[in-house]
Amino acid sequence: MSKPNMSRLHHAIDLLGKLVAFDTTSKNSNLGLIHFVRDYLAEYGIESTLFHDETGQKANLLATIGPKGVPGIALSGHTDVVPALETTWVSPAFELTERDGKLFGRGSADMKGFSACALAMIPELVKRDLEIPFHLCLSYDEEVGCIGVGSMVDYLAKMDTPPRLAVIGEPTNMKVINGQKGKYSMRVGVTGTAGHSSFAPDHVNAIEYGARAINLIADKAREFEENGPFDADFTVPHSTMLTTTISGGTATNVTPEYCEFTFEIRHLPDHDAEAVIADLQKTIMDTLDAEMKAKADDTGFTFEKIFSYPGMGDCTDAEAFSYVSNIIPEISGKVSYGSEGGVFVKQGNIPSIICGPGSIEQAHKPNEFIEIAQIEECLEFLEALTDQAAAA
């Protein structure tokens, strides 16, 4: 790959500064950023389609550059970021700051850097005679469970000519990732009976029953570790399961009436997480819940799904993968963290890979940064992709 045009690099950095300046923490609206991108694209004669959430305060953006009626390539990035509440930020979190060849700011790596590079390519894309289109896809609420992108993926899947490939620009140091785990997150409530702890045998201790359920979750985790299923290409080669939060009880001399905990399974793409959860629930209800109700009718367990997203399977055998492999031949494996790639694959039937600038090691930390060299490398990749699209 050749070095990117320097004016394009400066343009990408300028755009990244503008994107970082929008505080798109998941609890906030992302419409300021979305409207900025919409107006930016309109300057080049590109129309955008917005997909709002139920509140009207968040939206996905989809814009197509190039010919219609031909399957193209989706460039996908999420607009939301995690909070930046740490007191150890050296510079303002929502102000892009350059130091020592690095660009600091919340979202610089995860993952506004990729979006800035894609937007910086727009002037080039509109003047090229593209034979296949590029679909710019910007989503909301990825950081809270990939719950926003689905409406846009559904739209893409129903097009007469859906994208033949999606590039999910999560930070991978511009390495090609060909798989990711899915995730299923649950909240469990345990209702017992309260009373003075000196009469504990007369009560139903919600924390103790919750702990017994947590032990069953840990047993499942050990089962996956020992018996699989396995995929050695993943950073952790099997599905994982663990309890992540817990609360309950009111005082040291009161039998706990209520306990609540959350747990998750991060599963291999072909491992049926819903079946695992259903089996666990049945075991808990048939044993622990039944035992509780034998002592008091109004006790027991409740289960609430928080969110889930699917895993992303390997698409390296898809014909369109050649667009990527011609530029970056080496495959770097599969990852245990989540992305919207699984939604594109499972919900949209759109083959996907993960490849973007910056390091996942910098994500979700104070003083998050992306190296300028990574912006350069991403632009080189997109320029080479454009060359192929124009010569396809």
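Analyst: Helices (H or I, at least four residues) and strands (E, at least two) are DSSP runs, numbered from the N terminus. This is a predicted model: local features need pLDDT of at least 70, side-chain atom pairs count only at pLDDT 80 or more, and totals for chains, interfaces and linings use all residues. Residues are numbered from 1 along each chain as its sequence is written, and side-chain values use heavy atoms, with hydrogens and water left out.

User: What joins E3 to E6, and what joins E3 to E7?

Analyst: Six bridges join E3 to E6, and four bridges join E3 to E7. E3 and E6 run parallel, and E3 and E7 also run parallel. On the E6 side, leucine 75 has leucine 136 as its bridge partner; on the E7 side, alanine 74 has alanine 166. As background, strands of a sheet pair through backbone hydrogen bonds, either parallel or antiparallel.

User: Which order do the six strands of the open sheet have, and why do E1 and E14 stand at the edges?

Analyst: The order is E1-E2-E6-E3-E7-E14, with mixed pairing. Strand E1 (48-52) and strand E14 (352-354) each have a single partner strand, so one side of each lacks a neighbour in the sheet. Neighbouring strands here are turned by 20 degrees against each other on average, direction ignored. Such angles come from axes, which are lines fitted to C-alpha atoms (for helices over the stretch in contact), and run from 0 to 180 degrees between N-to-C directions.

User: What makes strand E3 mostly covered?

Analyst: Buried means under 20% relative accessible area, exposed over 50%, and partly exposed in between, with a 1.4 Å probe and protein chains only. In E3 (residues 73-78), six of its six residues are buried. Ile73, Leu75 and Gly77 point one way, while Ala74, Ser76 and His78 point the other way. In a regular strand the side chains alternate between the two faces of the sheet.

User: Is isoleucine 34 buried or exposed?

Analyst: Its relative accessible area is 0%, so isoleucine 34 is buried. This residue belongs to helix H2. Contact means heavy atoms within 4.5 Å. By that rule, and leaving aside neighbours within four places in sequence, isoleucine 34 touches Leu50, Ala59, Leu61, Thr79 and Leu138. Helix H2 (residues 31-42) lies across E1, strand E2 (59-65) and strand E6 (134-139), and runs at about 15 degrees to E2.

User: How do you know that H1 and H2 come within 10 Å of each other?

Analyst: That figure is for their axes, which cross at roughly 145 degrees, with helix H1 covering residues 6-20. The contact is made by His11, Leu15, Lys18 and Leu19 of H1 and by Leu33, Phe36, Val37 and Tyr40 of H2. For residue classes, Ala, Val, Leu, Ile, Met, Phe, Trp, Tyr, Cys and Pro count as nonpolar, Asp, Glu, Lys and Arg as charged, and the others, Gly among them, as polar. The residues of this contact divide into six nonpolar, one polar and one charged.

User: Why is one space called a cavity and another a pocket?

Analyst: On a 1 Å grid over the protein atoms alone, a cavity is a set of points where a 1.4 Å probe fits but cannot get out, whereas a pocket is an open set with protein on both sides within 12 Å along at least five of seven lines. Lining residues have an atom within 4 Å of a point. Grid points are joined across faces, edges and corners, and a volume is the space filled by probe spheres set on the points. Two cavities of 30 Å³ or more are found in the whole structure.

User: Which residues line the largest cavity, and which element gives the most?

Analyst: The lining consists of Leu19, Leu33, Val37, His78, Thr79, Lys112, Ser115, Leu119 and Leu138, around a volume of about 40 Å³. H3 gives the most, with three residues, and H2 and helix H3 (108-120) each supply at least two.

User: What classes do the residues lining the second largest cavity divide into?

Analyst: They divide into seven nonpolar, no polar and no charged. The residues are Ile65, Leu75, Ala118, Ile122, Leu125, Phe134 and Leu136, and the space is about 30 Å³.

User: And how much space lies in the largest pocket?

Analyst: About 550 Å³. Of its 24 lining residues, the closest to the centre are Ala63, Thr64, Gly66, Lys68 and His135. E2 provides the largest share of the lining, four residues.

Key: Pairing = 2+ DSSP bridges.
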